[in-house]
Amino acid sequence: MPPDGHRSAARPGFGPFREGTFSSRLHGERTAALIGIALGIAFIVCFVTGLISHFAQRGPEWTREAWPARPVSLYRITQALHVLTGMAAIPLLLAKLWVAYPRLWEWPPVRDPLHAIERLGVGALVAGSIFQVVTGLLNIFYWYAFPFPFPSAHYTGAWIAMGGLAMHVGAKWQITRRALRAPPDAVRGTGLSRRGFLAVVGGASGVILVTTIGSVIPGLARLALLAPRRAGFGPQGVPVNHTAGPRVRAGAESADYRLEVTGAVASPLSLSLDELRSMPQSSAVLPISCVEGWSTSATWRGVRVREILDMARASADATIRVESLEQHGAQRSSTLYPNHARDPLSLLALELNGATLHIDHGYPVRLIAPNRPGVEQTKWVTRLEVL
Amino acid sequence: MSREDSRVPMLIGLAAGTPLLGIGLYQVFTRNLNIVGIAVWMVGGVAVHDLVLVPVVFAAGALLRRLARDRWLAPLQAALVASGILVLFAVPALSGKGVSAADPSRLPGDYPRAVAGLLLGIWIAAGIWALSAGRRRGT
């Protein structure tokens, strides 16, 4: 550590290092503490709901197998929380970074080893946070400008940001308590007051929330001015994320279409569409809940998965691979663990909202199961392979 | 941190944060990610924010203080902050990069119109604020 006298003398007298460069009364500890707490809570909500989504569909096999079928809208709610909170956090993040910006140029840059570590933690927090909100926002608006697969990168960025957040909370614990316990200091000067600044930033978060929440609540769809989706807007009143290509369309509309049930079954099946239609039909009101946050509930009608499995005499604790007519891509198949395979609400749907499935919703047959990420509600189902 | 402060909370934060950060870095190197791409976007995001966006905001703020009369200063600052946040947030929507001819349920909104309407609302509110604040002060 350099001697004290040397420290102050060495402060450069130019640009952001100059004493008094950042003259706004809004860079104070109280402003930083208030916005920081709100932002920290928002990030923790995002992290926890993000982990839930990760373990539901990308975690080790036991977490995917343990993922429950009830409550039917659990994933809908956690994922809406994830994306809506992440979007509403953007004004808070911008405000927090602006308030704390003078600290970037503090002098001396490093006082002691612990201070160096603290600053590295802030670096991880800032880089991770900006990375998460920017790539997250780009991803839900389908602007794939980044040169990496989004889900893995977003998962990675989350841990980096959270590591930085934990260090930052520890480093700022006492200063934050002090700033909030002290009576609000009188901030001198003209222009926007602290209360005014907080109101503008909070108001911006509120506007983002109001203009995007219609992506999950059909009654508010008309307000979804800035959302990438509107609840209830799409063919048959349900948004689509993955449309049928020419090959899928040809296979789906062919008279030769069959639903096969193969693998570990006593009596393999090969059912035509007419045979499926003549089986007992069940209805279920279930949401399509996208990992991107949007969701829409709909009425589905078709054959219960478990009735087809019983017909083929599959074992009751079997895991099923549901295969699509699609040949390639991440959505060409999904795994149905017993929690979902045996659930009475899990259907191979033939109808949506009272009409034959639209081709982009998976005609002739799609999987729809309770509390399941939309990407795993396999469309254009042609085979159930019992594992 | 002043000398009287206990270092305990900081050390707890370090103890909790280091493994989390470690998991993140472990993912970077084991997930078959484009490491250079991730690094460029992580560092690039901070660089663009700290060296471009924030200096522009400070420059605009300094200019505003020189040009704006007292009673207009706070409403103008508020309107500029709100407008800036809104436009930044709407960049992906406004870009239209995600529009899909095959899937009209993607990006179904008229985003330029929505942003224009919200900006109009912000500036009308700021105008009303400035005028009413002026009247209260009797200027």
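Colleague: At roughly what angle do the axes of helix α7 of chain A and helix α3 of chain B cross?
Modeller: They cross at roughly 35°, and the axes come within 10 Å. Axes here are lines fitted to C-alpha atoms, for helices over the stretch in contact, with angles from 0 to 180 degrees between N-to-C directions. Helices are DSSP runs (H or I, at least four residues), strands likewise (E, at least two), numbered from the N terminus.

Colleague: Before we go on, what are the ground rules?
Modeller: This is a predicted model, so local features need pLDDT of at least 70, side-chain atom pairs count only at pLDDT 80 or more, and totals for chains, interfaces and linings use all residues. Residues are numbered from 1 along each chain as its sequence is written, chains are lettered from A and ligands numbered from 1 in the order written, and side-chain values use heavy atoms, with hydrogens and water left out.

Colleague: Which residues make the contact?
Modeller: From α7(A), A:Val200, A:Ala204 and A:Ile208. From α3(B), B:Ala78, B:Val81, B:Ala82, B:Ile85 and B:Phe89. Contact means heavy atoms within 4.5 Å. By class that is eight nonpolar, no polar and no charged residues. Nonpolar is Ala, Val, Leu, Ile, Met, Phe, Trp, Tyr, Cys and Pro; charged is Asp, Glu, Lys and Arg; the others, Gly among them, are polar.

Colleague: Zoom out. What area is buried between chain A and chain B?
Modeller: About 6,100 Å², with carbon and sulfur atoms giving 75%. Buried area is the accessible area (1.4 Å probe) lost on putting the two parts together, summed over both. On the chain A side, A:Leu114, A:Trp143 and A:Leu226 supply 10% of what that chain buries against chain B, more than any other three residues. In residues, 75 of chain A are in contact with 67 of chain B.

Colleague: How many salt bridges between chain A and chain B?
Modeller: Two. The rule is a side-chain nitrogen of Lys or Arg within 4 Å of a carboxyl oxygen of Asp or Glu. One salt bridge joins the side chains of A:Asp112 and B:Arg7, at 3.8 Å, N to O. Over all chains, the structure holds 18.

Colleague: Which helix gives the most to the side of chain A that touches chain B?
Modeller: α6(A), with 17 residues.

Colleague: New topic. Where are the cis peptide bonds?
Modeller: One joins A:Arg70 and A:Pro71, with omega about -15°. A:Pro71 sits in the loop between α3 (61-66) and α4 of chain A. Another joins A:Trp107 and A:Pro108, with omega about -5°. A:Pro108 is in the loop between α4 and α5 of chain A.

Colleague: And A:Asn371, is its phi positive or negative?
Modeller: Positive, about 50°, although A:Asn371 is not a glycine. The residue lies in the loop between β9 (366-368) and β10 (381-386) of chain A.
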